[in-house]
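Hi everyone, thanks for coming.

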Amino acid sequence: MTQPLALKMVDAVGDLLADPATARMGPSDASLHRQHLAYGPTGIALLHIERAAAGLGPWQRAHDWLAAAAQQAVTSGPDSHPFYGAPALAHAMACMADHLRGAYQRARDSLNEQMSADVRRRLGAAHRRIDTGHLPELAEFDTIRGLAGYGAYFLRRDPNDDDLRAILSYCVRLAEPVTCGGEALPGWWTPSGPSGRMDDRYPGGHANNGMAHGIGGVLALLALPARRGITVGGHREAVRTILAWLDRWQEKTDRGEAWPYWVTRDELCTGRPDPSPPRRPSWCYGTAGLARARQLAALALGDTERQLEAENALVSALTDRAQLKATTDNGLCHGFAGLAHVAARTAEDAHVSTAGQLRAAIPPLLTAVCPPGTVPEDTAEAVIRDKEAGPGFLNGAAGMALALLAPATTTPPQSAWDACLLIA
C-alpha cells in the first residue's frame, strides 16, 4: 500500500498547488521568493511539468507557475546564480521545452545567452583568483550558487558545449593542491565557515565535502560527462584527486561507511575527523549524495570495486536506524523523500549485486513519508503550511512530491528536473 499512498500524496500536493493565484501557500508564500528555484514558483513548476509529462496532471498548471515566475523582470548577471534569477528560470524552461517546444524553447535560448555571458565572467574571476594563489569562496564553485551548478545546466543543454568544457577545465584547476601559509591544502579549501561567511568556529577555514556546497558536487559534475566520453585535459586525474581526498576522510564503523560534512583546519592537522553522533545521510550533506557522486565517478573510471563500495555505503546508510533517526523531515534536500529519490537514481546504474538491495531500501523510506493511516490531503497541507518546509522545491512540498514520483512508480523521471542536483 506504500506506493499508492505515496502517489496520492503527490496528487494532493499537486492539487493544493494547482494555481498560483489561488494556492494556499501558508507562511512561506512562494511569491516572496519569486526568482528562487528552492522556494519559489519555478520549483513548483517542476512538479507540474513532471506530473504532466507522466500523464498525471494538466500542462496548464505548469504554464501558470512559469508565468508567475516570469511576470516581472528576472535577475541576471552577478546577482543571479543557478538557483536564483535567470538560471533558475532557464532550468524550468528547459524541462518544459523537453516536452513543449515553441515559445519555451525560444525563451530558454534567450536565457542561455545571458547565462553564457555570466559564466565567462565567473570563470575569468575564478582563474584570476587561482593565478594569484588566493583561496576560493564556496559560492565560486558549489552546486547551489557556483560554477558546478552552471555546469549542471550546460551539461543538460549540450554535453559538447564550449561553456561546459570551460567549466570542466576550471574544475580540473580547482582540484589542484594549493599552498597557503606554508601548508598544502586542497584547491577547494575555503577561508570561511560552511555558511560561506567568516566564522570564529572555523579558524583557518574548512574543506566542504557536500553535494550542495562542497567538492561532492564538483566530483559529480566531472563524473557525469566523463561517463559519456566527454573530458578535458587532466579530467580523470582531477576525479581521482577528489576521490582520494574522500577516501582519506572516509569513516568506517559498524554502521557502514560515511564521510564528514566538512574538514576543519584542526582535523586536517591531526589527520582524523572529530568524533560526532550519527548524521543524516542526505543529498545536500552526507552519505546519500556523496555515495551517488562516488558511484558516478567509479562508473566513469570503470572501477567496479569502487562502484560497489559506494553502493554498499548507500545501502548501509538507508538501513541504519541511527542515521535514519537523524533524518527528521520528508523533503528533497535532506529528508526521507530525497533519500528515496537518490536511492532510485543510484539503483538505475547499480551493479547487479547491489541494485536489489537499493530498491529494497526504498519502500521503508516511502513509509516514513506516508505512514499507514496517512490522509494525503491533510499531510500535504501541513507541509505547505509549515514555516520550515512550505510549498517549495528544496525543502518543501513540491520537492517532496517530485522526489516521491519515481520511487513510487519504479519508472525513471520523465523530465531532467533533478539535473540541478547533479545526481543525473
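Let's start with Arg-157, which is partly exposed at a relative accessible area of 29%; buried means under 20%, exposed over 50%, and partly exposed in between, using a 1.4 Å probe and protein chains only. Please keep in mind that this is a predicted model, where local features need pLDDT of at least 70 and side-chain atom pairs count only at pLDDT 80 or more, while totals for chains, interfaces and linings use all residues. Residues are numbered from 1 along each chain as its sequence is written, and side-chain values use heavy atoms, leaving out hydrogens and water.

Which residue does Arg-157 meet in a salt bridge? Its partner is Asp-163, at 3.8 Å from N to O; a salt bridge here is a side-chain nitrogen of Lys or Arg within 4 Å of a carboxyl oxygen of Asp or Glu. Asp-163 is buried, at 11% relative accessibility. By this rule, the count is 21 salt bridges.

Another one joins Arg-294 and Glu-309, with the closest N and O atoms 3.2 Å apart. Arg-294 is buried at 1%, whereas Glu-309 is partly exposed at 25%. Both belong to a salt-bridge network that also includes Asp-247, Asp-303 and Arg-306.

Finally, have a look at Arg-201, which pairs with Asp-199 in a salt bridge, their closest N and O atoms being 2.8 Å apart.
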